[in-house]
Amino acid sequence: ERRRQRMAVRRRQRRGPGGGRALLAALLLCVWCRAAAERVRYAIPEELGRGSLVGPLARDLGLSADELPARKLRLSEEKQFFTVNEENGNLYVNERLDREEMCGESATCSVNFEVLLQNPLNVFHVEVSIEDVNDNSPTFSKATLELEIGEWTLPGARFLLEMARDADLGSNSLLTYQLTHNPSFTLAMKESPGGKNQPELVLEKALDREKQSSFDLVLTAVDSGDPARSGTVQVRVNVTDANDNPPVFSKAVYEARVAENLPAGSLVLRVAATDADAGDNGRVFYSFGHVPESIRTLFTIDSESGEVRTTGPLDYEGKSKYNFRLEARDGGGVTDLCEVQIDITDENDNAPEITILSLSSPVPEDAPVGTVVALLKVRDRDSGENGQVSCELSGEAPLSIVASSGGSYKVVTAGALDREQASEHRVTVVARDRGRPALWSSRELVLEVSDVNDNAPVFEEAAYSAYVAENNAAGALVLRVQARDADAGANGRVSYWLAGGSAGAAGAAPLVSVEARSGALYAQRSLDYEQCREFTVAVRAQDGGSPARSSTATVRVFVLDRNDNAPRVLWPAAAAAAAAGEAAGGAAAPFEVVPRSAEAGYLVAKVVAVDADAGRNAWLSYELVQASEPALFRVGLHSGEVRTARAVSERDAAKQRVVAVVKDHGQPALSATATLHVVLAESLQEALPELSERAAGAEAAAAELQFYLVLALALLSALLVLSVALAVLARLRRA
């Protein structure tokens, strides 16, 4: 941390005041460009500690602190290298970042991820560049380098030394070399094909093995970082006898291009070196130079044939190019080096990967067309056409998929949603690359549709008919109506109300009531067919939505007749008879005069009766039940006409009494009687004496009846006095 602070101070000192203003202008221009492209870029050095600030992410996205809770700022990266503070919206380091582990020898190293915002749903792309820090020292593959130099070697001869390796990049990996002072040797530099410095040991003085058989030197590699790092290796020079020809590779740089996923043991390339010496000094052996361990796990070299073969799986997505050095050494220890460059070509071996960044479920059924319901991230690790992906939706649903920037896709509504037809939609997102053969992957999306009160209750019938027998009990069930609402929850909960009655049925509304939950109509009181034969009420069904929706149905109630009214005789009636008697001074009841010359079928009178019921209950029939001369009269069964059944004779009594019964056809039948007095006389004057005798007889009968009533009352009084006396005597005797 102190080293990074010192580096920052030096950079500020180098920039000066003018450099600060230029940097500020560049930053403002960069922020403006990011906003235009919906991409935010940051650059941080590697090895920052957990919790280190990367940048004010919310501010760069144009969000204020007050908007953060509602917009729900979050990151979508698979591996959480970074985290965002929910309170201030700043982006922080979540774990230690090692550029060499993450990107290897790549010239650039960055982490890309998406930032999701809700309300409304949006996605931004963020790129964080990881800058190299000089945190690796140069290293040599061996602790000691052995060189064999013949004593006959002339001054000026050069010997290649091993190059150190620095895992850093840029200036941090540019190496310079230093050699401990020795009068017999100096250090020279040679530019290698890769542009790096190749150290060479230069012989300055002729060697004499008999005077000194070996030399111990120290080679130091120093990088160009700030502060610089270094590494050392011991160089031991052994003075030998003649081996005056070094091995020579046929090429300075060997190149090969192989496909990824080669099976282990596949031939990559073959190197060849020749040595002009004879015997062991001319026999060449091949080996790796100073290479990292990762190279040795992927490749192997045959020490005698120079064939380089694979030993592990090659993955283009992991690394697309390998550079390393091979060494040729003869039997005398003299070496030569060559550069090997292996390019890995991409194979379509990675199917697209679908990541659901956000899914808005459930979505209301009244959502407008074009509403974003899901955000997807599709990634194919292959390159070129193998990594070009197209997406489509599979399944019957009013949804479509729209490509966005940076490999993102939006799933939007393409038509109206109707929960009543489909409460959920299942679609499959299919991502397919353009490789040959093409690879694909799929991911199922389940979108639930929430209810909106867009349906009114619907009655099973627009008009109902109900039949109720009269004289019903109060509270009797008349009819049960039912309405269905296709909505759900409170929107589909139906209540029933009375919405009025027909104008022709005065007082119809109080006759019935409706139960709000079940829709059952009950009679409020007993119904009378003779007062109200039918009536109409309107029932309204209303749901529990807001605003509520309703519909109305008509219920027509028919009152059925029961035989609850007996026939009523209009003529002759008892009241009419009484009125007629009073008008005549109490002399006689109404009578009919029939001449003695009347023949059979003579119309004596007509019994007139009515029944307040209807139908069969009001059909009347007439029968003769009593007559002074039963054979003299007959009554029409349906007409009620009283006619003579035969001709009147002199033997027939002058006064005749005829009793007829009137019956209806109900179950059970009800009846009434009519009494008709008939006088057989040629004229009214002839009939008057008979009527007077009849009145006198009636008075005598009344007096006789009065006598018997007084006698009965006297007997009852005596019986009561006797009972009281006996009760008193019994009590006295008991005392």
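Analyst: A residue is called buried under 20% relative accessible area, exposed over 50%, and partly exposed in between. The model discussed here is predicted.

User: Is R426 buried, partly exposed or exposed?

Analyst: The relative accessible area of R426 is 46%.

User: Which residue forms a salt bridge with R426, and how far apart are the closest N and O atoms?

Analyst: Side chains of opposite charge can pair when their charged atoms come close. The closest N and O atoms of R426 and E424 are 3.0 Å apart.

User: Which parts of the chain does the salt bridge between D343 and R257 tie together?

Analyst: The closest N and O atoms of D343 and R257 are 4.0 Å apart. D343 is in strand β23 and R257 in strand β16, so the pair links parts 86 residues apart in sequence. The parts tied together are therefore β23 (residues 335-345) and β16 (residues 253-259).

User: How many charged residues are in the lining of the largest cavity?

Analyst: The largest cavity has a volume of about 30 Å³. Its lining is made up of L359, V373, A374, L399, V411, H425, V427, L445 and L447. By class, 8 of the lining residues are nonpolar and 1 is polar, while the number of charged residues is none.

Key
Residues numbered from 1 in each chain as written. Predicted model: local features only at pLDDT ≥ 70, side-chain atom pairs only at ≥ 80, totals over all residues. Heavy atoms only, no water. 1 Å grid on protein atoms, 1.4 Å probe; cavity = no way out; pocket = protein on both sides within 12 Å on 5 of 7 lines; lining within 4 Å. Points joined across faces, edges and corners; volume = space filled by probe spheres on them. Nonpolar A, V, L, I, M, F, W, Y, C, P; charged D, E, K, R; others polar. Salt bridge = Lys/Arg side-chain N within 4 Å of Asp/Glu carboxyl O. Helix = DSSP H or I, 4+ residues; strand = E, 2+ residues; numbered from the N terminus. Buried < 20%, exposed > 50% of the residue type's maximum accessible area, 1.4 Å probe, protein only.
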